[in-house]
Amino acid sequence: MTGVPMVLAEKVSKNFGSNRVLRGISLEVDPGEVLCIVGPSGSGKSTFLRCINHLEVVDGGRLSVDGQLVGYRQKGEKLYELKLKEAAFQRQEIGMVFQRFNLFPHLTAVENIILAPMRVKKISKAAATVRATELLERVGLGDKGDAYPAHLSGGQQQRVAIARALAMDPKLMLFDEPTSALDPELVGEVLDVMKGLAKSGMTMIVVTHEMGFAREVADTLVFMDDGVVVEAGAPRQILSDPQHDRTKAFLSKVL
Amino acid sequence: MSEPESDRMIESEPDRKHRDRSGQDTDNSPAEAIVAIPLRHPWRIVIAVVLLLGLAVFVLDAAQRADYGWPDVGKYIFDRRISQAAWVTLWLTIYSMIGAIVIGLLLAIMRLSPNPVLKSIAWLYIWIFRGTPVYVQLVFWGIVALIYPVFTLGIPFTTPWVTVPNEIFTNLFITAVIGLALNEAAYMSEIVRAGLLSVDEGQAEASTALAMSWGQTMRYVVVPQAMKIIIPPTGNEVISMLKTTSLVAAIPLSIDLYGVSRGISAVTFTPVPLLIVASLWYLLFTSVLMVGQHFIEKRFSRGTGRIKSGKAPAAPEPAPTAGPGAPGAPLGTDFGGKG
């Protein structure tokens, strides 16, 4: 594909103290592509995802979204850390969905969705509410606008969280194990929404344990272990014919 | 969920169980009720009787002792000077608490901010004001007007451009409010901080990921959720402040309840009845506040942070968010011992 990749990671590394969580991650995500990241827990998947929208600061390598360096500005040879405001501005284009939903419990579904568009993008409440209702319908919750998160099932909460992220009109959506905290019978409804989103052409990076979803929806599957990309490629190929021993060992446990 | 709804649910519970079981069991006759002799607690009764007797002896004795001056208690309890002084005490409490809450909120946010300068200032403030007795602080504020008789503006060690006489600290009521508020702010900031910390980290993270600034995250996401942790111990602090106002004698301000009681007794040489009068007024106020506190705590210990009563479905999922009983949510009551 031509043009600028949506996400470009070049030897990205991240340490927590002496613990090297990411040890040189290089990958590329094109616009409209769906990338699934799988791997054992502690392999750095979530950390990498959080680096992409600057919730974590990268220690080494280069990470850029849509051609813009994440968290830094380059002037000549030197890198300058971005101001908090500028970092926040970058995040506007990146939606994120969390494992534990992280809906705001004191706000209704609609209020959850309209908060950031109103406060960050300064959209009027009326316009934001219209958009929120549309988004709720899109995730199949048109009638739940006035419900507080505590009154929604886990699956419904996660769908509201997806609608909340979409309300900022992101170019890129990050999903951090979006179905891991759900009861098994609720996983399907969330995956369906994500499939619809992928079909609509959204660029997505999904950290997941749902191999079926990865096989069906992902354009690229990445297997991460111990802070490095062990194997990447077409999901069917990796799932059916893994090349690396570590991939084989992992897949034999989860498939 | 509104109150009556939940009541109905609880009532209907045994009925349903009973029906379910009678549908399955072949034997429909109810099980025989247990007839047993309940465990006796003879010592409780003995101790209670002994204590009541002791109390009765004390009351009968006190009623006859001249030192208590009961006629004087009756005479001064509704004395105009006393009720006016009670009014002063009430306003001292209100103004000081408002000041303390505002400064405390500011300090708590400063302490949690990513800015190391603000953090250090807040830490230093709390260190000083929580680390010295409130009585000593009040004495100090009382003599500030002597240390700084005028406020000046200008370049240090040259003739000042503007000179304003220090009228703030010559007004003893304002001095008392400032002294009490600055001290209490240190405690309030810890209460607010505990409230802010009780909000799940994921909340701030989700807000940040939505591109909201730190200030917006605090204002729209964290502080509203922290309120239910902050408000009950704040009620406690109000009650505590009401009594702490008696220390303004250190400034010395003597128009509050305790001050006026002492003033009257200094003339009449009847200290005991006036102490009783003052105590009764303090008790009246704290009792009213305790009732208010009870309702506030009831209001804020309900469920998760739902403000409006919902038209929502009757069977809510357990929310994944931190409730009021969340671990790591310290209560404000254990900051104790001041003054």
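Biologist: What percentage of the 255 residues of chain A count as buried?

Modeller: Buried means under 20% relative accessible area, with a 1.4 Å probe and protein chains only. By that cut-off, 58% of the 255 residues of chain A are buried. Keep in mind that this is a predicted model, where local features need pLDDT of at least 70, side-chain atom pairs count only at pLDDT 80 or more, and totals for chains, interfaces and linings use all residues. Residues are numbered from 1 along each chain as its sequence is written, chains are lettered from A and ligands numbered from 1 in written order, and side-chain values use heavy atoms, leaving out hydrogens and water.

Biologist: How many helices and strands are there in chain A?

Modeller: These are DSSP runs, numbered from the N terminus: helices are H or I of at least four residues, strands E of at least two. Chain A has nine helices and twelve strands.

Biologist: And how do I read a sheet?

Modeller: Strands of a sheet pair through backbone hydrogen bonds, either parallel or antiparallel. Here, two strands pair if DSSP finds at least two bridges between them. In chain A, four strands make an open antiparallel sheet, ordered β2-β1-β4-β5. Its edge strands, β2 (19-29) and β5 (68-69), each pair on one side only.

Biologist: Over how many bridges do β1 and β4 of chain A pair?

Modeller: Five: β1 (residues 7-16) and β4 (residues 60-65) of chain A run antiparallel to each other. As for A:Ser13, its bridge partner in β4(A) is A:Gly60.

Biologist: What share of contacts links residues 24 or more positions apart?

Modeller: Contact means heavy atoms within 4.5 Å. In chain A, such pairs account for 64% of the contacts with a separation of 6 or more.

Notes
Buried < 20%, exposed > 50% of the residue type's maximum accessible area, 1.4 Å probe, protein only.
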